[in-house]
Structure formats: C-alpha cells, structure tokens
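I opened my notebook to go through one structure and write down what I looked up. The entries follow the order in which I worked.

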Amino acid sequence: MNTTRAAWVFITPALIVLGLFFLLPVVAALVLSVTDYDLYALADIRNLRFVALENYWTLLQRPLFWSALGHTVYFVVVGVPLSLGASLGAAMLLNSPLARFKPFFRTALFAPVVTTVVAVAVIWRYLFNTKYGLVNYTLDSIGMPTVDWLGDPHWAMPTIILFAVWKNFGYNMIIFMAGLQAIPGDLYEAARIDGASAWAQFRHITLPMLKPTMVMVGILTVSGYFQLFAEPYVMTEGGPLQSTTSVLYLMYEEGFKWWNLGSASAVAFILFVIMFVVTAAMLRLSKRGEPA
Amino acid sequence: MSPRMAKAVINGLLIAAATIAIAPLLYMVSVSFMTQGEASALPPPVLPTHATLANYRELFMNAGMGRYLFNSLLISTCITVVSLAFNLMAGYAFAKLEFKGRARIFQLLLGALVIPAQVAMLPLFLLLKYMGLVNTYGAVIVPALATIFGIFLVRQYASGIPDDLMEAARIDGAGEFRIFATIIMPLLKPIMVTLAIFTFLAAWNDFMWPLIALTGQEHYTLPIALASLSREHVQDSELMMAGSVVTILPVLVLFLALQRYYLEGLLLGSVKG
C-alpha cells in the first residue's frame with residue numbers, strides 16, 4: 001500500500017507533463033485536423049467549423065503538398081543509405097586492428113553530431129557559396145565545372161543531403177562499432193583458414209551478423225530523416241523554386257505563417273501515417289525468412 | 001595487400017574522414033577572426049591576415065548575443081535539472097515499484113514513442129497560448145520537463161538494482177522516499193550524468209519548437225537568434241561564423257569533457273529493438 005502510493009507520487013509529475021503537453025495535444029491535433037481552424041478562429045473561437053475530411057482532401061489536391069512529399073522522400077531514399085554507408089564504413093575503419101589513435105579518430109568523427117544544426121548549416125552555406133565558397137574554388141582549381149549548389153533547384157537537395165550525411169553519420173557509427181565488436185572473432189578466423197577474401201568475409205559474416213543492428217538503425221534513421229526541417233529552413237528557406245520544401249516545412253508555413261492550423265494538423269497527421277507505414281513495413285520485411 | 005600497405009590505407013582513410021568531419025569546424029573558427037569582407041574574396045583565405053575579435057565584439061555589443069547566450073543557458077539548465085528529477089523518479093518507479101497498471105502505462109508510453117513530436121506542436125501552441133506561456137521561457141521549458149526516452153533509459157538502468165537492497169531497508173523501517181534518496185540515487189549516478197548531457201545537448205540544439213514558441217527576440221535561444229541573424233546578414237560570413245562558434249562551443253566542450261557518458265548512453269538508449 002505504502003509502496004503503491006509512493007510509486008504514484010514518483011510517476012505523477014512525469015505523467016502530467018507527458019499527458020498534458022504531449023498526449024493531449026496529439027489527440028487534439030486529430031480533432032484540429034477536421035476543423036477549419038484559422039486566423040479567424042484564433043481571434044474568436046466561435047468562427048470554428050467542423051469540416052470533416054476537407055483539409056485532407058484539399059491537401060491531396062495541392063501540387064505543393066505532393067512536391068513537398070516528393071522532396072522529403074527524395075531526402076529519405078537517398079540520404080538514409082548514404083548515411084548508413086558512411087556510418088558503417090567509418091565504424092569498420094575504426095574497428096580495424098590496424099587503425100591507430102582510435103579514441104582521437106572516434107571523437108573527431110563524432111564531433112559533427114553534437115553540433116547545432118543551425119550553426120553548422122551556416123558554415124555549409126558559406127563553404128558551398130557559389131562565388132566565394134571553398135568547395136567551388138577547389139573544383140575550379142582542379143579543372144572541374146563549378147556548381148550553384150544552393151541556388152540551383154537540381155542541386156539544392158543533394159547539397160542538403162551531403163550536409164545531413166556529414167552531420168549525422170557519427171551517431172550510427174558508434175552503434176555499428178558496438179555491433180561489430182559483438183561479432184565473434186572465430187568466425188573471421190575460420191573464414192580466413194578457408195581462404196575467404198575480405199569482400200567475402202564482409203558479405204557473408206559482417207553483414208548478416210549486423211542485420212539486427214542494421215534494422216534498428218535503419219528504422220530510427222528513416223524516422224529521423226522524414227522530419228527534415230531545420231536544414232532547408234536555414235540553408236535555402238525551402239527554395240530555390242521550393243525545391244527543398246519538405247513536409248514539415250510545409251506544415252510550419254501553413255500553421256505558423258498562414259495560421260491555417262486545421263490544415264497544418266492534417267499535414268502533420270499525413271506525415272505521421274506515412275512514417276508509421278514505412279517503418280512498420282521495414283520491420284516486417286526484415287523479419288521475413290526468419291524462424292518465428 | 002601486404003599488412004603494411006593495409007595499415008597505410010586504413011589510417012589514410014581515417015585521416016581523410018576525420019579531416020572532412022573536423023575541417024568545417026576549424027574553418028568556422030578561422031573565418032570568425034577575419035575582418036569584415038575578408039572571407040568574400042578569391043581565393044578564399046584559409047587564415048585571417050590580421051586576426052580580430054571585432055566580430056565577437058559586434059555580436060555581443062550590438063546584436064544581443066549575450067542575451068541569447070543567457071537565454072540558452074537558462075532554458076537548457078532548467079530543462080536538464082527538472083526533467084532529470086522527473087525522469088529519474090518515474091524510471092525508478094517503473095523498474096522497481098509494484099503498482100496496478102504499471103505494465104499498461106509503460107506500454108502506452110513506449111507506444112507513444114512512434115509519434116513524431118511535430119504532431120503535437122500545433123495544439124501545444126494553442127494550449128500554451130491559452131495558459132499565457134507563449135513567448136515566455138516557460139513555453140520551451142515546460143513541455144520538455146519529462147521525456148519518454150529519459151524514463152525508458154532510467155528504467156533500463158534501474159532494473160539492474162537488486163531488490164534485496166530495498167527490501168533490507170524496508171525491514172529496517174525506511175520509507176520509500178528515504179530509500180530513493182539515500183540508496184537508489186547514489187546507484188543511479190552514472191545514468192544521471194548520461195541523461196543530463198543528453199538532455200542538455202538536446203535542449204541547447206533544439207530548433208523547431210523554440211522557433212514556434214518564442215515569438216519575440218528577447219527570449220530567443222542561440223539557434224533561433226542565429227537563424228534570424230543569418231537571414232538578415234546573408235553576406236556577413238565573418239560575423240555569422242563568430243555566431244556559430246558561440247553557439248557550438250559550449251556543447252562541444254561539454255561533449256569533449258563527458259564523452260564517455262554520452263557514448264554509453266547512446267548505446268544504452270539504442271538497444272530497445
């Protein structure tokens with residue numbers, strides 16, 4: 001009895017915060033998404049009307065929504081494999097018995113992860129400046145064509161993807177390193193005795209043994225990348241020609257620039273459903289062919 | 001490939017990767033000491049010809065950087081201290097105290113982890129507006145005072161504490177709060193440090209919610225102020241780099257000092273699969 005009361009005292013503060021400021025707003029968002037909550041309703045709640053699924057319907061007919069979704073999917077589909085590849089590559093390098101100064105390299109490679117997105121985005125905007133940026137200068141001096149990185153609608157998203165890979169790969173690198181260290185050394189020993197090449201060892205030992213780590217990391221990274229917002233906000237303001245407008249950028253503009261809170265809530269829910277379906281499908285696919 | 005060659009290749013690749021990771025940060029520091037306009041030249045200068053603190057002076061004297069630094073410190077510290085207390089208590093209770101509905105409530109929380117925070121943001125804004133908190137420090141602090149991730153992390157860690165310790169104390173007549181304060185808290189110290197760094201870094205670097213909730217400049221945190229400055233001063237690379245240094249340096253130093261705890265926490269938090 002005493003224990004039970006103490007337990008409730010212990011969990012109540014956290015439950016109040018999470019309930020009032022997270023779970024309640026999530027439910028409210030669902031309600032909001034079937035209303036026409038806008039600037040007029042913000043001024044006087046009596047202007048609020050129930051519109052059923054009209055917000056969703058209107059959104060699905062807006063080209064801007066589809067292009068925002070397209071850009072987000074582009075960012076996820078290209079960015080996630082590149083990120084995971086960079087993370088795994090770095091983890092394998094660091095994990096090699098031949099690598100020197102491991103703690104130093106680990107810290108150096110991880111450093112971008114703890115930096116503030118806005119601040120490093122400002123640095124990248126300068127590095128990738130068309131005229132004075134170091135990147136174009138280097139390209140030019142080795143005789144390559146220069147690129148209008150953030151000003152060309154075809155290049156803006158790839159530049160943001162490069163940025164995201166640079167900023168994030170260290171995080172999964174640490175998780176992959178732990179995964180690699182958990183693989184028994186005898187497996188590689190046996191493979192070497194059988195004369196397996198380095199590539200064969202990677203293909204038939206490292207990858208299969210890392211699969212559980214890979215699935216977890218993949219799902220977390222996909223969810224994270226669907227939430228693209230700060231990078232385009234700072235680097236391109238969603239442009240040029242809205243080529244880097246992501247779903248969350250659209251939600252932000254719809255909600256907090258135009259104050260169409262009903263419609264913005266619908267955007268948020270559509271994103272949530274897409275993320276849920278995609279990650280669930282990934283989990284499902286990864287379990288196929290495994291003994292139950 | 002000979003072992004010697006392999007060693008050269010691996011270490012060479014590591015040096016290249018580390019350079020790519022670190023060079024932009026070093027370059028930022030270098031450019032922040034350049035005189036105005038110096039960085040917009042060809043070839044792009046690598047080091048300042050006459051290193052100057054003018055950009056930092058401009059930021060702190062005229063652009064209100066001191067205020068933003070103070071805001072960031074205040075908000076991140078408040079969030080860290082209070083959410084640490086709330087998450088510790090809740091995580092411990094979910095791990096070690098029997099009560100009705102424990103499993104169900106915890107399942108509900110874990111399930112809620114799949115909901116992206118942005119879904120809650122629009123109604124949260126209205127709620128805080130109704131409470132009169134929009135454009136106050138509270139708007140950013142209050143919703144962050146407990147996290148599902150934090151509770152989960154503490155619960156994972158606290159599960160390893162043997163029940164006998166608490167049983168013995170209970171037989172000696174100690175109350176639950178005394179047990180928590182005198183026996184449990186010292187045992188949770190490593191996870192406290194880990195969670196504190198995680199929370200502080202997340203609060204410091206947070207962008208979208210403060211951007212929404214803090215509508216007036218006087219409450220801006222560093223990332224919001226920097227984003228707003230960078231829209232005004234598109235051409236002033238030197239000034240912006242100095243602003244980036246001020247924003248990044250505190251968290252980078254914190255990470256370097258406590259990285260062992262941070263990386264341990266990262267692994268602990270990722271084994272939920």
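The entries below go from a whole chain to its domains, then to helix pairs, and then to the records.

**Entry 1: what kind of model**

I noted at the start that this is a predicted model.

**Entry 2: chain A as a whole**

I looked up the secondary structure of chain A and found 13 helices and zero strands. Read from the N terminus, the order of elements in chain A is α-α-α-α-α-α-α-α-α-α-α-α-α. I also looked up the extent of chain A: its C-alpha atoms fill a box of roughly 80 × 70 × 35 Å along the principal axes.

Next I asked how many residues of domain 1 of chain A are in contact with domain 2 of chain A. Ten residues of domain 1 are in contact with eight residues of domain 2. On the domain 1 side, helix H1 (2-32) and helix H2 (39-43) of chain A each supply at least two residues. H1(A) gives the largest share of that side, with three residues. I sorted the residues of the domain 1 side by class and wrote down six nonpolar, two polar and two charged.

**Entry 3: chain A against chain B**

I then looked up the contact between the two chains. It involves 71 residues of chain A and 74 residues of chain B. Which helix gives the largest share of the chain A side? That is H1(A), with 20 residues. By class, the side of chain A that touches chain B has 60 nonpolar, ten polar and one charged residue.

**Entry 4: helix H5 with a helix of its own chain**

I picked helix H5 of chain A, residues 102-114, and looked up how it packs with helix H8 of chain A, residues 153-181. The angle is about 120° and the axes are 7 Å apart. I recorded H5(A) as oblique to H8(A) because of that angle; angles from 65 to 115 degrees would have counted as roughly perpendicular, and those over 145 as roughly antiparallel. The crossing of H5(A) past H8(A) is left-handed.

I listed the residues that make this contact. From H5(A) they are A:Leu109, A:Phe110, A:Pro112 and A:Val113. From H8(A) they are A:Trp166, A:Lys167, A:Asn168, A:Gly170, A:Tyr171, A:Met173 and A:Ile174. By class, the contact of H5(A) with H8(A) has eight nonpolar, two polar and one charged residue.

Is the crossing of H5(A) past H13(B) left-handed or right-handed? It is right-handed.

In this contact A:Thr107, A:Ala111 and A:Val114 of H5(A) meet B:Val251, B:Leu252, B:Phe255 and B:Gln259 of H13(B). I counted classes again for H5(A) with H13(B): five nonpolar, two polar and no charged residues.

**Entry 5: what UniProt lists**

In the model, residues 69-282 of chain A are 77% helix and 0% strand, with end C-alpha atoms 19 Å apart. For chain B, UniProt places the feature at residues 69-258. That span of chain B is 76% helix and 0% strand, and its end C-alpha atoms are 21 Å apart.

UniProt's unreviewed "transmembrane region" annotation for chain A includes residues 107-127 and 213-230. Residues 107-127 of chain A are 90% helix and 0% strand, and their end C-alpha atoms lie 23 Å apart. Residues 213-230 of chain A are 83% helix and 0% strand, with 27 Å between the end C-alpha atoms.

For chain B, the "transmembrane region" annotation (unreviewed entry) includes residues 179-204 and 239-258. I found residues 179-204 of chain B to be 96% helix and 0% strand, with ends 33 Å apart by C-alpha atoms. Residues 239-258 of chain B are 100% helix and 0% strand, and the end C-alpha atoms are 30 Å apart.

Key: Residues are numbered from 1 along each chain as its sequence is written. Chains are lettered from A and ligands numbered from 1 in the order in which they are written. This is a predicted model: local features need pLDDT of at least 70, side-chain atom pairs count only at pLDDT 80 or more; totals for chains, interfaces and linings use all residues. Two residues are in contact if their C-beta atoms, placed from the backbone, lie within 7 Å. Helices (H or I, at least four residues) and strands (E, at least two) are DSSP runs, numbered from the N terminus. Ala, Val, Leu, Ile, Met, Phe, Trp, Tyr, Cys and Pro count as nonpolar, Asp, Glu, Lys and Arg as charged, and the others, Gly among them, as polar. Axes are lines fitted to C-alpha atoms, for helices over the stretch in contact, and angles run from 0 to 180 degrees between N-to-C directions. Angles under 35 degrees count as roughly parallel, over 145 as roughly antiparallel, 65 to 115 as roughly perpendicular and the rest as oblique. A crossing is left-handed if the near helix is turned anticlockwise from the far one by less than a right angle, and right-handed if clockwise. UniProt positions are given in the numbering used here, feature names are shortened, and annotations may be inferred rather than shown by experiment.
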